[in-house]
Amino acid sequence: MSAYNPLLRLLRARSAVTLRLCRKVTTWSPVGAAFNAQAVRRSDLFRKNVGLFGVPELSSTEGFDVIQERALLETDQLVEKACSSSPGAVTVETFDKLSDSLCRVADLADFIKVAHPDPLYREAAEKTCINIGTTVEKLNTNVELCKSLKNLLDNEEIMAKLDPETRRVAELFMFDFEISGIHLDEKQRKEVVNLNVRLLDLSNKFLMGCHMPNRIDKRALPHHIHQHFINEGNYVQIGGLHADAPDDLVREVAYRIFLYSNGEMMHTLEELLSCRNKLARLVGYQSYSHRALKGTMAKSPDTVMNFLQLLTDKLKDRTEKDFEMMKDMKTKFNPRNADLMPWDHPYLSGVIRAERFNIEPSLYSPYFSLGACMEGLNSLFMQLFGVSLLAEQLNAGEVWSEDVRKLVRYLKKKKEPSTLLDVQVEIPEYLCSSLICCFILHPQAVVHETEGLLGYIYCDFFYRPDKPHQDCHFTIRGGRLLDDGQYQLPVVVLMLNLPHPTRSAPTLLTPAMMENLFHEMGHAMHSMLGRTRYQHVTGTRCVTDFAEVPSILMEYFATDYRVINQFARHYQTGQPLPQSMVARLCESKKVCGAADTQLQIFYAVLDQIYHGKPQSRSTTDILIDMQQKYYGLPYVPNTAWQLRFSHLVGYGAKYYSYLMSRAVASMVWRQCFHKDPLSRETGERYRREMLAHGGGKEPMLMVEGMLQKRPSTEDFVDALVSDLDPDFETFIMDSDG
């Protein structure tokens with residue numbers, strides 16, 4: 001604690017001065033101030049460049065070659081050790097070290113290739129990803145390496161002595177061998193490798209095409225809508241659906257042009273699906289979907305389709321009512337063209353919510369400054385887990401953009417003096433930016449009662465033109481138990497696209513942005529609070545239909561008044577967000593909720609059919625059929641929505657996971673947290689039963705441990721439907737509460 005004392009004296013001294021200068025103040029803790037003020041660029045002239053993420057070699061692009069070669073050398077040594085060691089726990093430990101050695105390079109490079117603003121860094125990282133990926137493919141077809149693991153798995157006596165996590169990790173490593181065709185002859189193994197290489201190329205090509213804009217001659221469009229799109233000479237460029245545009249014609253044009261069928265992309269998708277099917281059949285599965293679902297909560301395509309069909313049946317009447325409501329709204333706006341079309345759904349559902357509940361985002365944003373939301377998360381984690389967030393000083397060269405913040409996660413020890421985070425300082429709003437340099441000079445932690453430092457979170461929260469326009473969580477380094485008994489601390493990045501703070505106001509979040517922040521921080525908590533022995537199953541390295549549970553559960557906290565009331569304050573007046581506004585926001589989410597869910601069901605069904613048994617019809621013909629059966633709004637001729645379905649790459653045969661994870665999160669919320677969302681006892685049990693294991697425990701066993709029962713498919717469906725019931729409202733405190 002003594003290390004903080006000089007800074008505390010400085011902060012108190014500055015605070016006292018500023019109080020004399022300005023009466024109107026806002027109370028921020030350091031973690032709130034660090035995110036509410038503009039970043040102050042510090043000169044790196046006299047500071048040593050520590051390299052990206054503190055990896056010294058990555059102070060230049062050439063460093064990727066160095067860390068890659070080091071990892072490959074270590075890989076050779078570990079392969080030799082695995083093949084020469086007697087079967088036992090050491091076999092699994094060696095395999096995990098092998099995985100860790102490669103993942104520490106591959107995961108870091110995988111992030112840098114999409115996030116770094118310097119194209120030279122992105123290119124170097126891309127090459128590293130390819131080289132490490134090639135090495136992994138070779139290892140997964142290394143017969144001798146597989147034999148060393150099989151000798152362990154076939155020895156019942158030794159396996160019986162291993163702990164459950166070690167047995168599961170051994171089985172997961174063997175699964176990696178099996179899906180790579182290790183049991184095949186040499187010719188077939190080479191075919192598996194070639195298919196995987198081809199799939200990597202096709203996936204990258206499809207992803208690039210998914211986001212490419214389409215162009216159309218200006219003369220083909222009415223002149224008055226040109227202003228809504230990018231104009232390039234004689235052409236208009238359309239790079240999205242413009243789903244929020246009030247003008248029906250703008251939405252229709254965007255939909256028809258952006259989704260216009262493309263022959264080259266169609267061929268890429270069909271070859272991608274064909275290669276996946278060939279790969280699955282070659283290694284012994286009925287379809288790619290069967291291969292992808294092994295080990296998941298759903299386990300089989302039949303279970304997934306049954307879940308989606310049951311949910312469709314339960315929602316049928318509600319969905320029809322939602323579409324009727326949208327049609328009535330469209331008739332009011334445009335009586336001469338009242339047919340409900342796919343481009344109307346997102347816009348009209350939003351209009352209905354706003355009209356019925358007055359939930360204009362600009363009314364909420366002043367209460368959701370980024371700093372306030374971070375303080376809310378900090379408070380929530382402290383109450384649930386004894387965990388707090390501290391912002392740590394960044395070294396020269398450590399991050400890829402000057403607006404990135406670094407958080408340290410600790411578990412706060414009992415009966416110790418307050419940390420820097422506990423100190424409240426009075427700071428005038430206009431002076432926040434001048435003080436931010438002080439706040440980021442020292443750690444701002446995430447502190448537990450006995451375990452100390454848990455890991456690091458890099459917060460890449462602000463918009464940049466060259467970064468991916470999606471919110472996501474990246475694992476940079478997984479946690480694992482080291483040989484000396486210490487724990488390798490996890491490192492993750494949270495990426496958002498928030499507006500920058502200004503001189504007059506901090507970053508203000510809409511309710512949707514606030515929920516996304518809570519969602520992504522749920523992933524981070526999963527990574528930080530997991531304490532698996534092996535990095536192969538650390539944190540979010542678990543099956544896809546379970547991985548989204550912790551993040552979606554955080555969305556329930558983000559809409560509960562007892563949580564919101566702890567942090568939502570107007571950034572100028574300090575007034576709390578009125579509970580009536582929270583009530584309206586929560587109820588508005590149920591409006592058109594059945595239709596929104598049905599759209600997700602349609603996407604999930606389409607994903608399953610594409611990855612099931614090959615059919616003698618085009619992907620568009622399949623889409624037309626599934627859209628009629630599982631959505632209801634008409635197909636628009638000459639469009640091919642599937643060519644914009646980027647989730648087919650990362651979530652192939654697993655898009656249903658969002659719905660199933662939401663069902664589990666809903667059950668956990670209702671049964672465990674709804675009564676008291678700030679219960680330390682429940683928080684600790686949640687960590688113990690679900691977060692701590694990462695992928696080291698069978699997912700349904702974790703759910704069963706938390707719910708005290710194994711949920712059925714019907715339970716999943718009922719949970720999702722119940723969330724739409726008007727009689728189930730997010731808890732709103734009584735006026736005297």
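**Sheet, helix packing and cavity**

Biologist: What order do the strands of the open sheet take?

Modeller: Three strands make up this open sheet, in the order 2-4-3, with antiparallel pairing. Strands are DSSP E runs of at least two residues, helices H or I runs of at least four, both numbered from the N terminus. Two strands pair when DSSP finds at least two bridges between them. This is a predicted model, with pLDDT of at least 70 needed for local features and 80 or more for side-chain atom pairs, while totals for chains, interfaces and linings take in all residues. Residues count from 1 along each chain as its sequence is written, and side-chain values use heavy atoms, without hydrogens or water.

Biologist: Which are the edge strands?

Modeller: Strand 2 and strand 3, each pairing on one side only. From one strand to the next, the twist averages 35°.

Biologist: What packs on the sheet?

Modeller: Helix 10, residues 248-258. It touches strand 2 and strand 4, and its direction makes about 85° with that of strand 4. Contact is heavy atoms within 4.5 Å. Angles run from 0 to 180 degrees between N-to-C directions, with axes fitted to C-alpha atoms, for helices over the stretch in contact.

Biologist: How many bridges between strand 2 and strand 4?

Modeller: Four, between residues 214-217 and 235-238, in the antiparallel sense. Asn-214 faces Ile-238 there.

Biologist: And how many join strand 3 to strand 4?

Modeller: Three; strand 3 covers residues 230-232 and runs antiparallel to strand 4. Ile-230 has Gln-237 as its bridge partner. The two strands form a hairpin with two residues between them, and Gly-233 in the turn has a positive phi of about 60°.

Biologist: New topic. At what angle do helix 16 and helix 27 pack?

Modeller: About 85°, with axes 6 Å apart. They are therefore roughly perpendicular, a label for 65 to 115 degrees.

Biologist: Which residues of helix 16 meet helix 27?

Modeller: Met-382, Gln-383, Leu-384 and Phe-385. Their partners in helix 27 include Tyr-686, Arg-687 and Leu-691.

Biologist: How many cavities of 30 Å³ or more?

Modeller: One. A cavity is a set of points on a 1 Å grid over the protein atoms alone where a 1.4 Å probe fits but cannot get out; lining residues have an atom within 4 Å of a point.

Biologist: What is the volume of the largest cavity?

Modeller: About 70 Å³, counted as the space filled by probe spheres on grid points joined across faces, edges and corners.

Biologist: Which residues line the largest cavity?

Modeller: Among them are Phe-381, Gly-522, Met-554, Phe-673 and Leu-691. Helix 20 gives the largest share, four residues.

Notes:
1 Å grid on protein atoms, 1.4 Å probe; cavity = no way out; pocket = protein on both sides within 12 Å on 5 of 7 lines; lining within 4 Å. Parallel < 35°, antiparallel > 145°, perpendicular 65-115°, else oblique.
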